[in-house]
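This report covers how two chains meet and how one of them is built. The sequence and structure come first.

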Amino acid sequence: MSIDAKIVADLVKHEVGLVTTVPCKQLAGVIAEIDRCEDIHHIPANKEDEGIGICAGAFMGGKRSAIIMQNTALGVTVNTLVTLTQFYRMPLPMLISYRGELGEPVACQVEMAVHTKALLNQLHIPTYHFHHESDAEELDRILQYTFMCMKPVAILTDATFWKGY
Amino acid sequence: MIRSDVLRSLLPLISDHFVVCNIGLPSQELHMLDDQPTNFYMLGTMGLASSIGLGVALAQSKKVISIDGDGSVLTNFGTLPTIANNVADNFILLIIDNGSYGSTGDQPTYAGMKTSLAKVAEACGCENVIECQAEDCAAVMKDALDSDRMTVIVCKCESGNIPVSVIKTDPVVIRDRFMTALKEANA
């Protein structure tokens, strides 16, 4: 099973029925897999905070939801994460491409990578970092944890995890 | 008519439906006029009433009305193409367009100047967009509820606010009772 298929299979296993995505080169394979998956309603969003709003609504409507985004967008989601997802206590797995880490070809991306974990830490969002492919074996338990504690949880996946660009 | 008059005129129609209401005065006014578990009050995240409502509509089968404002839609413009391209026929987006940012002191919005939100929604691909005057909003809402088609209503009204108190209900309580009512309605 490809890593993309494994990630989507874990989402399905945990009954995630709606996923919002914002385009990402690293996560393109997962996004394509979600598009093909009959058990997941895929809603492409124009901006990450919009996607989190849709996820919040879907969760209240009875469908577990998740978002796929880049760490560079963390800044635009801070208000939504704090005053919607956390304030109303809703679970939200965030599968995030960790741009700007080892292997990054674009210097500007490094600037946000430097702040990513500090921001997530400041927001008290449990954060996992997938560096080796075997790290993805934890996704199953991370999803279980997210829906248990009703919190947003960040899963950072770096270039080494995706074996380059 | 100002926004609170429009809300009052809609109560007999929307009271039995699920409503996601915009941050600030719209939520406070709805809370004062007709508080009930089927209302989801936004206490933060300006701009996301339409996104949250769309998410609720996509996840289950009951009708969902998002009550939004012109200023909030301008804040989250990307929502209109997303709504247009992910049609939920149980979703109605009501934009109460008073041409001002009411909750922050009635500063003018571009919707009250040159920008037509109805035309923007149409250009984004929304197929069923109706602009109306405040006096006709209830009739338009009734037709939209009867039509079983995703509808965007842009209701033009005057700016102005009434004195209302803040919502003190715990957000988790607001969310939980809304979810419970939805679950029961879908059972």
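## Interface of chains B and A

In this predicted model, 28 residues of chain B are in contact with 26 residues of chain A. On the chain B side, Thr45(B), Leu58(B) and Arg175(B) lose the most area to chain A, and together they account for 24% of what that side buries. The size of an interface is often expressed as the accessible area lost when the parts come together. Between chain B and chain A the buried area is about 2100 Å², and carbon and sulfur atoms give 68% of that area.

The count of salt bridges between chain B and chain A is 0. For polar contacts, the rule finds 9 residue pairs across this interface, with both residues at pLDDT 80 or more.

By residue type, the side of chain B that touches chain A divides into 17 nonpolar, 10 polar and 1 charged.

## The sheet of chain A

Strands of a sheet pair through backbone hydrogen bonds, in either a parallel or an antiparallel manner. In chain A, 6 strands form an open sheet with parallel pairing, and their order is β2-β1-β3-β4-β6-β5. The edges are taken by β2 (41-44) and β5 (127-130) of chain A; each has a single partner strand, so one side of each is left without a neighbour in the sheet. On average, neighbouring strands of this sheet are turned by 20° against each other, direction ignored.

Strand β1 (residues 16-21) of chain A is joined to β2(A) by 4 bridges, and the two run parallel. Within this part of the sheet, Val19(A) stands opposite His42(A) in β2(A).

Which strands does helix α3 of chain A lie across? Helix α3 (residues 48-60) lies across β1, β2, β3 (64-70) and β4 (92-98) of chain A. Relative to β3(A), helix α3 of chain A runs at about 170°.

## Salt bridges

Over all chains, a search of the whole structure finds 11 salt bridges, while the count between chain B and chain A is 0. One salt bridge links the side chains of Arg36(A) and Glu33(A), at 2.9 Å from N to O. Both Arg36(A) and Glu33(A) lie in helix α2 (residues 28-36) of chain A, 3 residues apart, which is about one turn of the helix.

Notes:
Residues numbered from 1 in each chain as written. Chains lettered and ligands numbered in written order. Predicted model: local features only at pLDDT ≥ 70, side-chain atom pairs only at ≥ 80, totals over all residues. Heavy atoms only, no water. Contact = heavy atoms within 4.5 Å. Buried area = accessible area lost by both parts, 1.4 Å probe. Salt bridge = Lys/Arg side-chain N within 4 Å of Asp/Glu carboxyl O. Polar contact = N/O pair within 3.5 Å; in protein donor to acceptor, adjacent residues only side chain to side chain. Nonpolar A, V, L, I, M, F, W, Y, C, P; charged D, E, K, R; others polar. Pairing = 2+ DSSP bridges. Axes fitted to C-alpha atoms, helices over the stretch in contact; angles between N-to-C directions.
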